[in-house]
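Subject: Structure handover

Hello,

Please find the structure below, with the sequence alongside. My notes on it follow.

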Amino acid sequence: MINRIKTLIAFLRYNALHIFGGRFVIFLGLALGLFFLVLLIGLLGRGGTPNSERLYTYLLAPGILLVFYPSVYGIQKDMDTRMVETLFGIPDYRYKVWLTRLVTLYIIIAVIVLALVLLCRITLADFPVWRMTAQVMMPVIFLGSLAFFISAQSTSGNVTAVILVIFLLFFWVLGEEIQDSAWFLFHNPFRSVEALQSIVLSQTTFYNRLYLILGSAITTLFALLRLQNREKFI
């Protein structure tokens, strides 16, 4: 049992190093820097101690930054290093490798987000730690799965990055118009609403998270199916 745990830890550590291309410390530093910059701007711009509604938005920023590069450039990096040829040479195993990398990426980001959530909980505001972490990870996981799907179609990290940025800008520009919709990517479940509107907010949150979960599962599945086409990647 102990040997299996050690093997699992070593496997996850190896995947973590591969996912970020040996630049994990750099990406971690950028994510933390972005979070504190956004937090500082929020504190100076609006004044006062931020509540859970504002902190949710601030915590999304480092999560999106961390998931962006690995999910966008993961397949292209395998192609550039000829790793994809090795993966296709092992029947069925390649799916486990790519899926494990994706899950490992989400676990790493969740741990970092949890640490930031705990820091905010201790120093800034009172809110449910696990709920905040789970809610932040929902759109992060969806974006990671969507990027994985697009990169499997285009095989180009740059093309995937452009499409994903346009996708994010679309929701950012139309934020005020569709923020009450269950289809809004950046839906904030911690929004301050009146008592009569709380039921509507809960329903919107439920369907929004359901759509994100289904979207993540579907895009990941179709990406893995797309990776069956050997000629497309070699």
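I start with F68, which sits in helix α3 (residues 52-80); helices here are DSSP runs of H or I with at least four residues, strands are runs of E with at least two, and both are numbered from the N terminus. Leaving aside neighbours within four places in sequence, F68 is in contact with A161, L164 and V165, where contact means heavy atoms within 4.5 Å. Between F68 and L143 there are 7.9 Å in space, C-alpha to C-alpha, although the two are 75 residues apart in sequence.

Before going further, note that this is a predicted model, in which local features need pLDDT of at least 70 and side-chain atom pairs count only at pLDDT 80 or more, while totals for chains, interfaces and linings use all residues. Residues are numbered from 1 along each chain as its sequence is written, and side-chain values use heavy atoms, with hydrogens and water left out.

The chain as a whole

The protein chain has 10 helices and zero strands. Of its 234 residues, 44% are buried (buried is under 20% relative accessible area, exposed is over 50%, and partly exposed is in between, with a 1.4 Å probe and protein chains only). Among contacts between residues at least 6 apart in sequence, 72% join residues at least 24 apart.

Helix α7

A161 and L164, both in contact with F68, are among the buried residues of α7, together with G157, T160, L168 and F171. Seen down the helix axis, the buried residues of α7 fall within an arc of 100°, so they line one face of the helix; the arc is that of the directions from the axis to the C-beta atoms. V162, I166 and V173 are exposed, on the face turned away from the buried side. Helix α7 covers residues 157-173, 17 residues in total, and reaches 24 Å from its first C-alpha to its last, close to the 24 Å expected at 1.5 Å a residue (the expected span is 1.5 Å times one less than the number of residues).

In the loop between α6 and α7 is T155. Its phi is near 60°, a positive value in a residue other than glycine. T155 counts as buried because its relative accessibility is 17%.

Helices α6 and α9

How do α6 (residues 129-154) and α9 (residues 198-226) cross? Their axes come within 8 Å and cross at roughly 25°; axes are lines fitted to C-alpha atoms, for helices over the stretch in contact, and angles run from 0 to 180 degrees between N-to-C directions. The two helices are therefore roughly parallel to each other (under 35 degrees is roughly parallel, over 145 roughly antiparallel, 65 to 115 roughly perpendicular, and the rest oblique). The contact includes S145, F148 and F149 from α6, and S216, T219 and T220 from α9.

S145, in helix α6, counts as buried because its relative accessibility is 1%. Apart from neighbours within four places in sequence, S145 is in contact with Y106, S216, T219 and T220.

On α9, I218 counts as partly exposed because its relative accessibility is 46%. I218 and F149 are 69 residues apart in sequence and 9.2 Å apart in space, C-alpha to C-alpha.

Regards
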